[in-house]
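User: Can you walk me through this complex? I'd like to start with where the chains touch.

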Amino acid sequence: MAITRRELITGIAKAGVPAAVAVTVGSEVLKAETIPVPSAAVGLLYDATICIGCKACVAACAEANDTPPDTRGDALHQAPSDLNDLTRNVIKLYKAEDGSEFSFAKRQCMHCLDPACAAGCPFQALHKDPESGIVNWSANECIGCRYCTITCPYHIPRFQWVGFNPRVTKCELCSHRLAQGLKPGCTSVCPTGAVIFGPRPVLLLEAKRRIENSPGRYYENRVYGETDNGGTQALYLSHVPFEKLGLPELGPESVPAKTLRWQRRFYQYFALPAVLYAGLVQVIRKNLKGHEADAHEREKETGLRAQL
Amino acid sequence: MTSTAANVDRAVVRKNERNNERWERAVPVYGFPVINGFFVGLSVLVVVALALTAYRELAGLGPVSGMNDAFGWGIWKTFNVMVLTALGSGAFAVGIAAWVFRRKNLHALMRMALLTSFLAYACGLALLGIDAGRPWNFYWIVFPWRWNMHSPLAEVAICMSIYAMIPLALENIPPVLERLWYFDSRLRPGVEKIEKRLHYFYPWIIAAAYLLPGMHQSSLGALMLLAGERVHPLWQTPWLPVLYLGAATFMSFGCVAGTTMLCCLVWKRGMDMDVLDEAARITAWLIFGWLGLRLLDILFRGALATAFHFDRFAGVFWLEMLMIAVGGVLLLRSLRTHDKGSMFAGYVLSSAGGMIYRFSPTTLAFRPNPEALYFPATIEILVSLGFISLGVVGFLVAVKRLAILPAPLYEWHDMASYFRFRRPYIRWTGYFKYGYYGENEEEPASGD
């Protein structure tokens with residue numbers, strides 16, 4: 001007893017719908033949503049209470065990455081007003097309006113455990129190194145869509161606006177120096193030790209030790225980046241609210257996990273779209289036959305060739 | 001020669017057809033030259049845009065646009081792609097109504113829908129390639145293992161290109177084949193063979209033409225999800241993909257039906273009010289469903305209070321909501337009063353409101369930190385206009401050379417006699433002088 005093609009197709013469809021729904025909606029944890037901490041995650045610890053704002057790290061960063069100094073401000077000094085296409089690392093000043101408090105803020109890539117820039121990057125030009133956890137940019141995959149400048153909650157990646165071969169500039173934690181056994185440029189010159197480099201767990205312990213040693217010195221007695229935005233590899237200590245340093249309060253869930261939950265479920269294994277497609281084909285096959293029959297009938301009535 | 005009985009039937013049909021305004025078949029716009037002042041003006045804009053594009057490729061994006069570090073996306077993406085492809089979703093929205101929900105009347109609008117969609121997508125994609133900083137890396141699109149499957153932007157870029165190049169292009173082939181069929185009887189066997197093959201694959205092509213836009217029109221909304229708090233709470237919602245898709249449906253209905261009405265007005269065609277009423281009814285329902293969903297979403301997220309702040313965000317919010325709602329009301333009223341004017345105004349208002357909605361999250365309601373402003377540079381606007389003009393130029397050529405615009409049956413015969421008696425020397429339209437099926441066999445084709 002052979003089954004017809006129609007029976008085969010409808011049978012598959014009937015089994016496929018619940019299967020697809022189960023796969024997409026039912027599965028509790030999606031692969032894309034679990035954030036593995038890289039095995040050898042390295043990072044930075046920046047303590048805003050120690051930073052004296054000497055900007056040695058800014059110059060060292062440019063030197064280490066072989067970028068010309070950004071002198072567009074006054075055509076004399078390397079004084080970038082913010083991160084830009086020549087600046088991977090910058091020291092900014094926060095001053096309260098009434099002058100009661102101030103703080104320096106070092107801005108560079110946070111190397112998030114679940115980076116939003118990499119989540120949005122269409123061809124994985126921005127990708128997280130599975131071992132060191134450094135978020136790298138590769139020129140060979142980047143199409144220059146600038147989606148990373150929209151998605152990054154810290155507003156880090158910057159696009160080069162001039163020239164026919166633009167690049168995306170962001171801190172890559174001096175990967176080329178790490179490979180030579182050197183420390184990143186910024187940490188190698190800091191005179192007060194405000195920014196230090198090391199494995200993320202060690203830096204986290206050090207930060208917690210500092211908080212324990214001087215209770216009340218640090219804002220909320222916590223380390224920014226331990227859990228914020230799903231955890232970052234650049235950690236911050238500060239005596240002023242983190243938001244004043246340009247670090248928004250994002251909660252413990254990472255931005256991609258928070259916002260793309262349903263998007264990711266819908267496209268999981270491409271199961272739901274595939275089932276939808278099969279259903280559409282069936283419906284349209286049926287309706288197409290009716291439409292063609294009507295058209296050919298009118299063709300006979302009007303004597304004009306049917307337009308399908 | 002055909003039989004006498006058939007001739008009698010045909011005579012009855014022709015006697016009655018003058019009174020029948022039903023859109024029976026698509027007829028090319030005849031008697032109007034393609035090249036006129038308007039057309040030349042648009043062509044100049046296109047040429048200017050292409051020249052400026054060459055400059056942009058050499059100089060980079062900064063010198064030609066108002067984009068900056070805070071607003072990484074300018075109108076090329078946020079208007080020409082995000083807004084205009086929503087207007088160009090007719091092939092998706094009208095198509096689903098006609099083919100899936102069996103609104104048979106709407107088949108009359110299908111060729112208009114397919115053409116406007118194809119042009120909107122093609123021009124949008126071309127500008128997307130120009131907007132990309134490193135377009136030479138687009139070749140990764142053919143290596144699926146390089147795709148970031150969970151990126152909304154990858155979804156949009158890949159899905160949109162595939163859709164415009166394969167299903168949408170194939171759906172637009174029948175009018176071209178039809179022209180070849182009428183052009184020369186020697187081409188007919190070949191054309192019929194291709195048509196047969198195309199019809200065989202039609203269900204798969206059409207189904208893909210509904211699945212793919214459904215995916216990327218919603219993913220266009222998902223793009224801004226990752227921007228998080230920087231999009232004002234009146235727009236930022238987990239429902240953004242659904243709302244973007246919904247806006248595309250009623251906007252594209254407005255675009256297709258509104259453009260068809262405008263064409264009928266300009267080129268003096270009869271309007272089939274059965275079809276237009278049905279389109280208006282569906283559009284009105286889509287509009288009120290969409291408005292309800294949006295208001296409920298804002299209410300349940302507790303963002304309603306921000307709509308009553310005295311700032312530009314509340315202003316834009318009320319502007320778009322009012323335009324869409326008034327458009328919907330006008331459409332409903334036109335169903336009662338059979339007033340073509342208010343129907344057209346309803347389409348224009350609701351589509352324009354939808355355009356502002358699709359534009360807002362990326363630009364008007366985008367709040368970068370630190371505060372910054374974006375206003376498109378002159379060159380940017382000229383290029384954007386040039387690529388819109390390219391679409392309009394394509395449209396004008398297509399409706400005058402191919403059977404796209406729906407018309408009552410007598411238009412077809414009028415066209416045939418127009419070319420037979422008043423323009424017999426135009427060889428390239430010779431094929432349209434043969435009105436009836438089989439008539440071509442009686443005399444040698446292609447006028448030699």
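**Where the chains meet**

Analyst: Chain B puts 58 residues into the contact and chain A puts in 56, where two residues are in contact if their C-beta atoms, placed from the backbone, lie within 7 Å. This is a predicted model, so local features need pLDDT of at least 70 and side-chain atom pairs count only at pLDDT 80 or more, while totals for chains, interfaces and linings use all residues. Residues are numbered from 1 along each chain as its sequence is written, and chains are lettered from A and ligands numbered from 1 in the order in which they are written.

User: At what angle do α10(A) and α10(B) pack?

Analyst: Helix α10 of chain A (residues 271–302) and α10(B) pack at about 135°, with their axes 8 Å apart. Axes are lines fitted to C-alpha atoms, for helices over the stretch in contact, and angles run from 0 to 180 degrees between N-to-C directions. α10(A) and α10(B) are therefore oblique to each other; angles under 35 degrees count as roughly parallel, over 145 as roughly antiparallel, 65 to 115 as roughly perpendicular and the rest as oblique. The crossing of α10(A) and α10(B) is right-handed. A crossing is left-handed if the near helix is turned anticlockwise from the far one by less than a right angle, and right-handed if clockwise.

User: Which residues make the contact?

Analyst: From α10(A), they include Leu276(A), Tyr277(A), Ile284(A) and Arg285(A), and from α10(B), they include Tyr202(B), Trp204(B), Tyr210(B) and Met215(B). By class, the contact of α10(A) with α10(B) has 15 nonpolar, no polar and 1 charged.

User: Switching to chain B on its own: how do α9(B) and α10(B) cross?

Analyst: At roughly 160°, and their axes come within 9 Å. That makes α9(B) roughly antiparallel to α10(B). Their crossing is left-handed. Ile173(B), Leu177(B), Leu180(B) and Trp181(B) of α9(B) meet residues of α10(B) including Arg188(B), Val191(B) and Glu195(B).

User: What about α11(B) and α14(B)? At what angle do they cross?

Analyst: Helix α14 of chain B (residues 340–364) and α11(B) cross at roughly 145°, and the axes come within 9 Å. The crossing of α11(B) and α14(B) is left-handed too. The contact of α11(B) with α14(B) has 12 nonpolar, 5 polar and 2 charged residues.

User: OK, confidence. Where is it lowest in chain B, and where highest?

Analyst: Lowest in helix α1 (residues 4–17), at a mean of 61, and highest in helix α11 (residues 240–266), at 97. Those are pLDDT values, the predictor's confidence in each residue, from 0 to 100. Chain B averages 90, and 91% of the residues score at least 70. Over residues 435–448 of chain B, pLDDT stays under 50. Where pLDDT is low, the predicted coordinates should not be read in detail.

User: What ipTM does the predictor give the complex?

Analyst: An ipTM of 0.89, along with a pTM of 0.91.

Notes. Helix = DSSP H or I, 4+ residues; strand = E, 2+ residues; numbered from the N terminus. Nonpolar A, V, L, I, M, F, W, Y, C, P; charged D, E, K, R; others polar.
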